[in-house]
4 protein chains.
Amino acid sequence: MEAHTTHCLRLDPEVREVALKRMRSVKGHLDGIVRMLENEHTYCVDVLKQIKAVEGALDRIGDVVLQSHLKHHVATAAARGDADQMVAELMDVLKYR
Amino acid sequence: MEAHTTHCLRLDPEVREVALKRMRSVKGHLDGIVRMLENEHTYCVDVLKQIKAVEGALDRIGDVVLQSHLKHHVATAAARGDADQMVAELMDVLKYR
Amino acid sequence: MEAHTTHCLRLDPEVREVALKRMRSVKGHLDGIVRMLENEHTYCVDVLKQIKAVEGALDRIGDVVLQSHLKHHVATAAARGDADQMVAELMDVLKYR
Amino acid sequence: MEAHTTHCLRLDPEVREVALKRMRSVKGHLDGIVRMLENEHTYCVDVLKQIKAVEGALDRIGDVVLQSHLKHHVATAAARGDADQMVAELMDVLKYR
């Protein structure tokens, strides 16, 4: 699950703060869906809408992390000498995104 | 946000239980991502992988709810007389899914 | 590939005309990408942009066909008595859409 | 549409050949969908299946081009000095992919 925590590359601290703040907000959104699902009057399409909204929020957090990764780690890969590995692991995440 | 809680159509109780159980599990997964983002050693690609996994879990919950909605509410719409409205609201959720 | 051409349900003629017209336009767009790929000066991101544009056009054609299918065939399924089959085959197409 | 044909970066010739070959095959697949839509007996779900298959083929071509772009152009961006521009234009294509 956390294959790279041992190498020197880390998520940029400022981006990490932004992602953390937004992820906590997604958690609150998810709590709302849980309450919705606890209610026997809940309508299917309302659940589908909320799931879609949460996925949109997660996509946007992913975009912020991806942008930072491209800038700080992928764009410097040739200079660092690990381009093949960096591209392979990134493609693995981007496929069927 | 919950435009249809007033009409008579409701998410099937059994499906609601399944979705609720899985959604609570997604909440636990999200807690894991929050902890990951609190850790200054966290690597970008590990975050991206976890976001992708959570979105996959949400997709599968959405599929279960959608299947139930199609069976219990959309397939019966012509007989009930609200096909145009049911299709319009469903398309709104499915577009760019 | 065309498992259902034998049963009585058919794509609505008007929708079929719209989809046909747009699909021919997508074909023209694809010809443009082929020419782009025949050109040795072509830049990767320009190809990615064109692929994304074609997929957007295909998504929109799919939405028109899906909307018609929901209205004419899924909403009438309970009345016709084939709801389970109709929902199963539709879910198969919508999954991971 | 082809904003970068003037700069020096080009799609790798070998990858371009692979993408070209596959894109011509997608064109053949699209011809099949056009013929399908010309047939008045065509069933909605068969069209949706074919559209999904073509989008899958386009995704896979896009992945090959993206992988090559990451390796040959993005991984070398810091060394070349255009990382910010390269990342911005790539994010524009990857968003909501």
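This is a predicted model: local features need pLDDT of at least 70, side-chain atom pairs count only at pLDDT 80 or more; totals for chains, interfaces and linings use all residues.
Residues are numbered from 1 along each chain as its sequence is written, chains are lettered from A in the order in which they are written, and side-chain values use heavy atoms, with hydrogens and water left out.

Let's start where chain C meets chain B. Here 20 residues of chain C are in contact with 20 residues of chain B (contact means heavy atoms within 4.5 Å). Together the two chains bury about 1,800 Å², 69% of it on carbon and sulfur atoms; that area is the accessible area (1.4 Å probe) lost on putting the two parts together, summed over both. The pair of chains has 2 salt bridges, meaning a side-chain nitrogen of Lys or Arg within 4 Å of a carboxyl oxygen of Asp or Glu. K71(C) makes a salt bridge with D84(B), with 3.8 Å between the closest N and O atoms. On the side of chain C that touches chain B, α2 (44–74), α3 (77–80) and α4 (83–94) each supply at least two residues (helices are DSSP runs of H or I, at least four residues, numbered from the N terminus). That side divides into 13 nonpolar, 2 polar and 5 charged residues, with Ala, Val, Leu, Ile, Met, Phe, Trp, Tyr, Cys and Pro counted as nonpolar, Asp, Glu, Lys and Arg as charged, and the others as polar.

Now take a look at L70(B). Leaving aside neighbours within four places in sequence, L70(B) touches A75(B) and L90(B), plus L70(C), V74(C), V87(C), L90(C) and M91(C).

In one of them, R24(A) pairs with E38(B), the closest N and O atoms being 2.8 Å apart. This pair crosses between chains, from helix α1 (residues 13–38) of chain A to helix α1 (residues 13–38) of chain B. R24(A) is partly exposed at 44% relative accessible area, and E38(B) is partly exposed at 42% (buried is under 20%, exposed over 50%, partly exposed in between, with a 1.4 Å probe and protein chains only).

Within chain B, R80(B) bridges to D82(B) at 3.0 Å between the closest N and O atoms. R80(B) is partly exposed at 34%, whereas D82(B) counts as buried at 19%.

Finally, K27(D) and D31(C) meet in a salt bridge at 2.8 Å, N to O. Both residues lie in helix α1 (residues 13–38) of their chains, D and C, so the pair joins two chains.
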